[in-house]
Amino acid sequence: MHFDESCQKNFISEMAENQISARDFFSPSLLQSLERNFGLTNASIICFDERNNFISWIDSRGIQHGFDDVSHKAFAEDDSVRTVIYKDAGRDNLNHMNLEPKVYFPCEMLEDYEESQFAKNMNEILGMAHCAIMAFGKNAYLEIVCYKSEGEGPFSEEEKDELYRLYTYVARAYKNFKLHEQSKIFSSIQDEIINSGANSYMITDDNMHVLVCNKRAQSYLEEILGDNVSDTFGIENKCSWLPFLLGDIDSTEKVCHRVVRNYDFFIHTFNQTYSHDIIDRYYWITIMPEEEKRKIVQDIAPAIIKEERRDVELTPAEKRVADLICQGLTYKEAASQLGLSYHTVKNQVQKIFNKYKINNKFELYRKHSL
């Protein structure tokens with residue numbers, strides 16, 4: 001590998017251009033850029049989901065999904081080194097903001113490396129003897145793996161230093177890519193929030209970080225959780241209280257409803273999908289205090305909603321379902337109370353949404369409860 005100043009500048013320039021139009025950062029084009037600018041040959045990208053299950057294998061030819069290449073899948077699923085990397089990432093709260101090198105050398109991690117199952121898999125499946133692994137992203141779900149043959153021998157100290165340097169270049173470009181991407185995602189979400197009419201909201205990811213919280217939402221959270229709740233915001237902090245709000249969210253529902261201390265939380269899911277099958281999930285959450293809900297019911301909405309509902313007729317079964325949903329019950333809870341299946345209730349709610357010409361439970365509450 002080589003690290004002269006012009007190569008670094010070329011790589012940074014290519015990645016900056018890439019973030020504007022590319023759908024994925026970890027892609028064949030990244031590997032090609034690393035080879036072109038730093039001489040990194042014989043490398044691949046391995047992708048995992050948030051539960052550490054193997055998803056896909058990327059090389060300069062493109063994406064090889066797990067079900068397309070049995071050998072790659074077999075290697076990834078019998079990877080003892082990967083287990084260590086995954087645990088380390090969870091312990092360190094690894095995410096796209098990290099710039100500290102996370103580089104692993106299996107030959108140093110495993111006793112009797114040459115006799116280990118990992119080394120045997122490397123040889124039998126990949127035809128390689130040694131590798132170095134650079135871990136990125138949430139729970140290290142993205143790895144750049146560099147390989148060396150038996151004839152090339154293990155990585156020298158100089159090569160290790162070069163890989164640490166390379167990690168920082170890639171990590172910095174990845175961070176910029178994600179920040180650029182998130183700004184677009186947040187803009188799209190905020191458009192949806194404005195259209196919903198909500199005036200207090202926060203945006204989180206599925207790794208329990210509060211990424212955006214407006215002042216009104218923060219004041220509500222302070223009433224519920226205390227004055228120091230803002231200390232739990234940001235990508236560096238995992239919220240201890242957020243799992244109680246998001247823990248059993250059904251991502252297939254358009255909106256989920258929670259009630260906490262006389263505050264209604266309406267939780268919407270936003271999925272960012274990538275071609276290598278990784279999904280980054282975000283939530284936008286609107287908050288409504290009880291007194292605001294009563295004001296809508298008593299003072300503002302009746303005349304408007306009455307006009308909107310004039311030609312809408314629900315069947316008795318649909319009305320029973322709508323009543324329960326507006327009381328804050330989930331689909332599963334409503335199904336249990338009515339003696340119906342979850343899917344029957346879900347289908348009835350969709351019919352109700354279609355009749356009212358609405359998209360979520362918040363709008364259903366406004367139109368059906370008044």
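This report covers a sheet, the helices packed on it, a helix pair and a pocket in a predicted model.

## The sheet

Five strands form an open sheet. Their order is E8-E7-E11-E10-E9, and the pairing is antiparallel. Strand E8 (210-213) and strand E9 (255-260) are the edge strands, and each pairs on one side only. From one strand to the next, the twist averages 25°.

Strand E10 (residues 263-273) and strand E11 (residues 279-289) run antiparallel and are joined by eleven bridges. In E11, Ile-285 stands opposite Ile-267.

## Helices on the sheet

Helix H7 (residues 157-196) lies across E8, E10, E11 and strand E7 (201-205). H7 runs at about 35° to E11.

Helix H8 (residues 215-225) also packs on the sheet. H8 touches E7, E8, E9, E10 and E11. The direction of H8 makes about 125° with that of E10.

## A helix pair

Helix H12 (residues 316-326) packs with helix H14 (residues 342-356). Their axes are 10 Å apart, at an angle of about 95°. H12 and H14 are therefore roughly perpendicular to each other.

H12 brings Ala-317, Glu-318, Val-321, Ala-322 and Ile-325 to the contact. H14 brings Val-345, Gln-348, Val-349, Lys-351, Ile-352 and Lys-355. By class, the contact has seven nonpolar, one polar and three charged residues.

## The largest pocket

The largest pocket has a volume of about 300 Å³. Its lining holds 14 residues. Glu-50, Arg-51, Asp-206, Arg-281 and Tyr-283 lie nearest the centre of the pocket. The lining divides into five nonpolar, four polar and five charged residues.

Definitions and conventions
Residues are numbered from 1 along each chain as its sequence is written. This is a predicted model: local features need pLDDT of at least 70, side-chain atom pairs count only at pLDDT 80 or more; totals for chains, interfaces and linings use all residues. Side-chain values use heavy atoms; hydrogens and water are left out. On a 1 Å grid over the protein atoms alone, a cavity is a set of points where a 1.4 Å probe fits but cannot get out, and a pocket is an open set with protein on both sides within 12 Å along at least five of seven lines; lining residues have an atom within 4 Å of a point. Grid points are joined across faces, edges and corners, and a volume is the space filled by probe spheres set on the points. Ala, Val, Leu, Ile, Met, Phe, Trp, Tyr, Cys and Pro count as nonpolar, Asp, Glu, Lys and Arg as charged, and the others, Gly among them, as polar. Axes are lines fitted to C-alpha atoms, for helices over the stretch in contact, and angles run from 0 to 180 degrees between N-to-C directions. Helices (H or I, at least four residues) and strands (E, at least two) are DSSP runs, numbered from the N terminus. Angles under 35 degrees count as roughly parallel, over 145 as roughly antiparallel, 65 to 115 as roughly perpendicular and the rest as oblique. Contact means heavy atoms within 4.5 Å. Two strands pair if DSSP finds at least two bridges between them.
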